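The paragraphs below go through one contact between chains and one ligand site, with the cut-offs stated where each term comes up.

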Amino acid sequence: MKLSKFKYSFSEAKKNVTRNGLMSIASLFTIACCLIILGVFAILSVNVNSITEQVKDQCEIQLYINTDTSEERVTQIGQEIEKTENVKQVTLFTKEQTLEYAINDMFEGNETMLEGFEEDNPFSDSYKIVLNDIEKTKETVESLEKIADVEKVVNKQDVVNVVLSISGAVKKFSIVIMIILLIVAIVIISNTVKLTVFNRKKEINIMKYIGATDRFIRVPFVLEGFIIGFLGAVAAFLVVFWGYFALLKYIAGLNFDLFELVGIWDIAPFIAILFVVFGSLIGVVGSAISMRKYLHV
Amino acid sequence: MIEFVNVTKQFEDAGNIALENASFKIENGEFVFLVGSSGAGKTTITKLIMRETNVSEGQVFLDGIDVTALPDKEIPFLRRKMGVVFQDFRLLEDRTVYENVEFAMRVVGASRREIRKRVPEVLSEVGLNYKAKMYPRQLSGGEQQRVALARALANHPLILIADEPTGNLNPKTAMEIMDIFEEINRMGTTIIMATHAKDIVDVMKKRVIEIQDGHLVRDEVGGEYLEAVQV
Ligand SMILES: Nc1ncnc2c1ncn2[C@@H]1O[C@H](COP(=O)(O)OP(=O)(O)OP(=O)(O)O)[C@@H](O)[C@H]1O
Ligand SMILES: [Mg+2]
């Protein structure tokens, strides 16, 4: 398309937006609302993902070895663990290290309680194991338990399960909500454009008599949808950005350090792109749909 | 050249046949009146030429091209060869006289320079240059029809199709419009005009094609209106 033609289409589209101003504002507002809800779920999903990652890192498995196992056997067990499927990282904690940790950290100030334990260490050697995929924790724990001389394998399966099921549910729910919102927004914008098209039926009719191609007729309407969608995206972005900023500030004041939320500058570009893409897509698809049947004059 | 070859048209939701087995030829540069009582099939003929509707049977040729077989995407280009005016003018109310004509040129992708040159030119052809900045509602019926005519002529059509162009005008204004038609025709544009205006047809002495109930009943050069009863 030639530039002059595009400029013409664009100025026609702008005229359309202002001509039925109230409808344009109404649909801009609705699209912004849809995008805001979409944004809330997107932010929620991103944060749930990030929290899941954080929890995953905290979720190591602890494997305890029978107290009277020889040092060679302990090393050997370490190698066997490394060969087990789904194991990412293995760290040995000797009973001496564990005792030291107990004395220095756990019983600080009450060291006397542990007197005499240096000679007769009650702890056992253990391995800290980090997994590749925590969703396969159960299977991995079962394999690890089969290794000889292993006393027990302890994992925080409950925490993991809760986090995983929450994050799974949030993701599924978000996808459903996004699809519903997308459809709603497309229907809304297609109705606005349909109204414009209806108002300008006479004009379209004249265009057809003069010999305008379908594309020439369609472009201003599609651009109209695009403009509304784009402006809706900008409005929604401002609201979501400001809202998330306020939330982060509020949470920072709470001194809460179990996990961290994703920073605003890490999420802003993602939200901006998401909104512009969705907003424009909604606008373009919506108007294309409403144009289809009107073009046959 | 326009040629109808055994054209029959029956609208899907209509009982009667709008046009039945009609054949005629119109050479380039001719001036033809289509006459006949209401519902005879005059508008149907103009619609078939523009491919606003398609035949049920037969063929319509325009400069040797079978219009009835044209794919949909070619229709706009077919229509660029012709200008159309209607009884009800069909101007864009929210645009000035100048913009209404300009619009027709925009649609076919004319450059800004061509537009600046052609719009005043065609407006003076219809004698409306001095009202270029006015809106349709500020104009008389005759003046509005002149704007419509200017718009139809803006892209130098080979054929001008007019469907009762004087239907909403008083006799004096109607004759003034016809003078412009005559002039356009003299410059080489083929004119096909469906009309009920007996006085105009009788005075102008052009070729007359008369249709009754979808049948071509008379085709006479220099003919008169002679409604209905055949002698
Ligand atoms: N879109 C349509 N659908 C169904 N029937 C139609 C349609 N257009 C025209 N007809 C029918 O075709 C016949 C011819 O109509 P046409 O409009 O060609 O008549 P006309 O000669 O132009 O009449 P008038 O002088 O009143 O304008 C009429 O019987 C009319 O009812
Ligand atoms: Mg008619």
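In the classes used here, Ala, Val, Leu, Ile, Met, Phe, Trp, Tyr, Cys and Pro count as nonpolar, Asp, Glu, Lys and Arg as charged, and the others, Gly among them, as polar. By that scheme, the shell around ligand 1 has 4 nonpolar, 7 polar and 3 charged residues. This is a predicted model, in which local features need pLDDT of at least 70 and side-chain atom pairs count only at pLDDT 80 or more, while totals for chains, interfaces and linings use all residues. Residues are numbered from 1 along each chain as its sequence is written, chains are lettered from A and ligands numbered from 1 in the order in which they are written, and side-chain values use heavy atoms, with hydrogens and water left out.

Ligand 1 is surrounded by 14 residues, the closest being Ser38(B), Lys42(B), Thr43(B), Thr44(B) and His196(B), where a residue is near a molecule or strand if one of its heavy atoms lies within 4 Å of it. Polar backbone atoms approach oxygen atoms of the ligand at Gly39(B), with a distance of 2.8 Å, and at Gly41(B), with 2.9 Å. From Thr44(B), a polar side-chain atom lies 2.5 Å from an oxygen atom of ligand 1. Of the 630 Å² of accessible area that ligand 1 has on its own, the protein covers 69% (Shrake-Rupley method with a 1.4 Å probe; for residues, only the protein chains shown count as cover).

Turning to the two chains, the contact (heavy atoms within 4.5 Å) takes 23 residues from chain B and 19 residues from chain A. The area buried between them, that is, the accessible area (1.4 Å probe) lost on being put together, summed over both, is about 1,900 Å², with carbon and sulfur atoms giving 57%. On the chain B side, Arg79(B), Phe103(B) and Val107(B) lose the most area to chain A, together 27% of what that side buries.

Between chain B and chain A there are 2 salt bridges, each a side-chain nitrogen of Lys or Arg within 4 Å of a carboxyl oxygen of Asp or Glu. Arg95(B) and Glu203(A) meet through their side chains in a salt bridge, at 2.8 Å from N to O.

Notes
Buried area is the accessible area (1.4 Å probe) that two parts lose on being put together, summed over both. A polar contact is a pair of N or O atoms within 3.5 Å; within protein, one must be able to donate a hydrogen and the other to accept it, and residues adjacent in sequence count only if both atoms are side-chain atoms.
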